[in-house]
Amino acid sequence: LSRFRLTGTVAGPEQVLVPDLTGKTVDAASSILAGLGLDLVVADTRIEVTDPNLVDRLVQQSVAPGTTVAKGSPVQVNLGKAPPPATTSPPTTVAPG
């Protein structure tokens with residue numbers, strides 16, 4: 001009968017810190033995540049933003065910045081979209097009567 005003693009830690013997937021992608025373009029975020037070994041997934045749903053600088057830029061991500069995840073993990077993002085144009089009704093005139 002042999003006895004084995006295990007010491008140290010069992011190596012799992014390498015862990016990386018998820019950066020804040022807010023305000024980045026898809027290309028910039030893709031490059032950043034690829035450099036960390038993470039996958040960018042762009043959601044179909046866009047989020048309405050009031051800041052015109054955030055239109056077509058990342059406004060939300062599925063993994064909070066500063067979270068540690070395994071390399072190869074996906075990070076889903078949502079892009080900003082402009083609000084619909086304001087609709088104005090023609091002024092209502094009341095005939096004197």
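L36 is partly exposed, since its relative accessible area is 27%, where partly exposed means the range between buried, under 20% relative accessible area, and exposed, over 50%, with a 1.4 Å probe and protein chains only. This leucine is found in helix α1, and helices (H or I, at least four residues), like strands (E, at least two), are DSSP runs numbered from the N terminus. Once its neighbours within four places in sequence are left aside, L36 is in contact with V16, L17, P19 and K71, contact being heavy atoms within 4.5 Å.

The model is a predicted one, in which local features need pLDDT of at least 70 and side-chain atom pairs count only at pLDDT 80 or more, while totals for chains, interfaces and linings use all residues. Residues are numbered from 1 along each chain as its sequence is written, and side-chain values use heavy atoms, with hydrogens and water left out.

Taken as a whole, the chain has 1 helix and 6 strands, and from the N terminus on these elements follow the order β-α-β-β-β-β-β. Of its 97 residues, 20% count as buried. The chain exposes about 7300 Å², of which carbon and sulfur atoms supply 54%; such accessible areas come from the Shrake-Rupley method with a 1.4 Å probe, and for residues only the protein chains shown count as cover. Among contacts between residues at least 6 apart in sequence, 68% join residues at least 24 apart.

In soluble globular proteins, nonpolar side chains tend to be buried together. Here the largest nonpolar core has 12 residues, namely V16, V18, L21, A29, L33, L38, L58, V63, V69, V75, V77 and L79, a nonpolar core being a set of buried Ala, Val, Leu, Ile, Met, Phe, Trp, Tyr and Cys residues joined through side-chain atoms within 4.5 Å. Helix α1 (26–36) and strand β6 (74–81) each supply at least two residues of this core, and the largest share, 3 residues, comes from β6.

Strand β2 (residues 39–42) pairs with β6 in the parallel sense over 4 bridges, and within β6 the bridge partner of D39 is P74. Strand β3 (residues 47–48) runs parallel to β6 and is joined to it by 2 bridges, with G80 in β6 as the bridge partner of I47. Strand β4, by contrast, runs antiparallel to β6, the two being joined by 3 bridges, and Q61 has V77 as its bridge partner in β6.

V59 is found in strand β4 (residues 58–61) and counts as partly exposed because its relative accessibility is 21%. Leaving aside neighbours within four places in sequence, V59 is in contact with I47, V49, L54, N78, L79 and G80. From V59 to I47 the distance is 7.5 Å, C-alpha to C-alpha, while the two are 12 residues apart in sequence. In the loop between β3 and β4 lies D56, a residue other than glycine whose phi has a positive value, near 65 degrees. D56 is partly exposed, because its relative accessible area is 44%.

Definitions and conventions:
Pairing = 2+ DSSP bridges.
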